[in-house]
Amino acid sequence: DNGGYEHYLLKEISEQPDTVARTLRGRIDDRFHIAHLGGLNMDARETRSFRRVKIIGCGSAYYSGQMGAQLIEELARIPADAEPASEFRYRSPVVEPDTLYVAISQSGETYDTLAAVQELKRKGGRVLGIVNTVGSAIARETDGGIYLHAGPEVSVASTKAFTSTAVAFALLALHLGRVRDLSPADGRRICEGLRRLPEQIKEILTLEDRIRDLAKKYADSPGMMFVGRVRGYPVAREGAQKLKEISYVHAEAYPASELKHGPLALISPELPTVAIVPDDELLDKNLTTLGEIRARHGRILMVGHRTSEAADDCIVVPKNEVELDPILLTIPLQLFAYHAAVALERDVDRPRNLAKSVTVE
Ligand code: BG6
């Protein structure tokens, strides 16, 4: 049942105030500013013992893992990184006892991710799952984890599972941080920020008409560049992924800082850039990058917390805590990809050549 929406994708994008609230429900402790994650099956001592976090997943799950790695590094100060599960399982990874492994999967059935989890288990690795589908293969194979409770995701391109996964990572990062050096004050700041997300997502959804107009304006470009720095980079990658999956417009994501080391050669009026520009300590650097794109006659759609003369168009979203802003910045890009796909008359919910979950090798 698509609930009166023209496509499941739009329904699932629109559900996010509720799905994010469901991922958070019962998991924030306002007294001690910690997260309650009963499904992890780890005591405080074990939780403190990890010296690294390695995150694996495929497609959008991998990009949400990159966002998660950043949250864990920032809030818990544990070195963390994400890698496609498909790569991880084929390169004979070094499995270490003091590394916490986290496997992400909406369906819980993606074969590459499952095979990576099984290989980790064979080598004695401690693996958590961040999974939407209760009782799925990956949920069963992992030692514990966090269920998203986002409800079934029908459209092939992931939206609500992506944001809920990022929220689950924020909770995990808060949890890992508060048994380490994250102060009660910072814990409180994050708890309050998490609670604000559903209302702020609602506000972003009211921008849909404007985003539709922008999608129409940019959708006939032969390709688009997506750039972001540090916290903005996983947002750019997921934004590019959404656009290519459902609209078939070529989209490439780059760290904004890498532009001048190659892709700047591509910038022209025919290749517009979507720039993720949050109000954080990198704002000035990002605005300088916009100037460099401008100087090459590149058109710019800026997504951030303010408008700028350096951009042709701006989408301004509500501000949260810097660590949580990437979650909100992802949502206008989902709407952008959706409306680009509709404008190009694509099969939005069932894009060509793709499957919702790839259960074969
Ligand atoms: C891909 C889907 O094949 O699998 C993506 O097309 C999805 O949308 C990816 O992100 C991973 O799926 P899952 O279920 O493991 O999160």
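Leu-283, Asn-286, Thr-289, Leu-290 and Ile-293 are the buried residues of helix H12. These residues span an arc of only 120° around the axis, which places them on the same side of H12. The arc is taken from the directions that run from the helix axis to the C-beta atoms. An α-helix has 3.6 residues a turn, so residues three or four places apart point the same way. Asp-284, Lys-285 and Ala-295, on the other side of H12, are exposed. Buried means under 20% relative accessible area, exposed over 50%, and partly exposed in between, with a 1.4 Å probe and protein chains only.

The model is predicted: local features need pLDDT of at least 70, side-chain atom pairs count only at pLDDT 80 or more, and totals for chains, interfaces and linings use all residues. Residues are numbered from 1 along each chain as its sequence is written, and side-chain values use heavy atoms, with hydrogens and water left out.

The buried residues of H12 pack against strand E10 (273–277) and strand E11 (300–304). Contact here means heavy atoms within 4.5 Å. Helices (H or I, at least four residues) and strands (E, at least two) are DSSP runs numbered from the N terminus. Just after H12, His-297 has a positive phi of about 65°. In H4, 14 of the 17 residues are buried, so the helix is largely enclosed by the rest of the structure.

The spans of the two helices are listed below; the expected span is 1.5 Å times one less than the number of residues.

| Helix | Residues | Number of residues | Span, first to last C-alpha | Expected span |
|---|---|---|---|---|
| H12 | 283–295 | 13 residues | 19 Å | 18 Å |
| H4 | 60–76 | 17 residues | 23 Å | 24 Å |

Two helix pairs involve H9. Helix H8 (residues 160–178) packs on helix H9 (residues 184–205) at an angle of about 165°, with the axes 11 Å apart. H8 and H9 are therefore roughly antiparallel, and their crossing is left-handed. H9 and helix H13 (residues 325–343) pack at about 30°, with axes 10 Å apart. This pair, H9 and H13, is therefore roughly parallel, and the crossing is right-handed.

Axes are lines fitted to C-alpha atoms, for helices over the stretch in contact, and angles run from 0 to 180 degrees between N-to-C directions. Angles under 35 degrees count as roughly parallel, over 145 as roughly antiparallel, 65 to 115 as roughly perpendicular and the rest as oblique. A crossing is left-handed if the near helix is turned anticlockwise from the far one by less than a right angle, and right-handed if clockwise.

Ile-130 lies in strand E6 (residues 126–131) and is buried, at a relative accessible area of 1%. Beyond its neighbours within four places in sequence, Ile-130 contacts residues including Val-102, Ile-146 and Phe-169. Glu-83, in strand E4 (residues 80–84), is buried at 11% relative accessible area. With neighbours within four places in sequence left aside, the contacts of Glu-83 include Lys-54, Tyr-62 and Arg-91.
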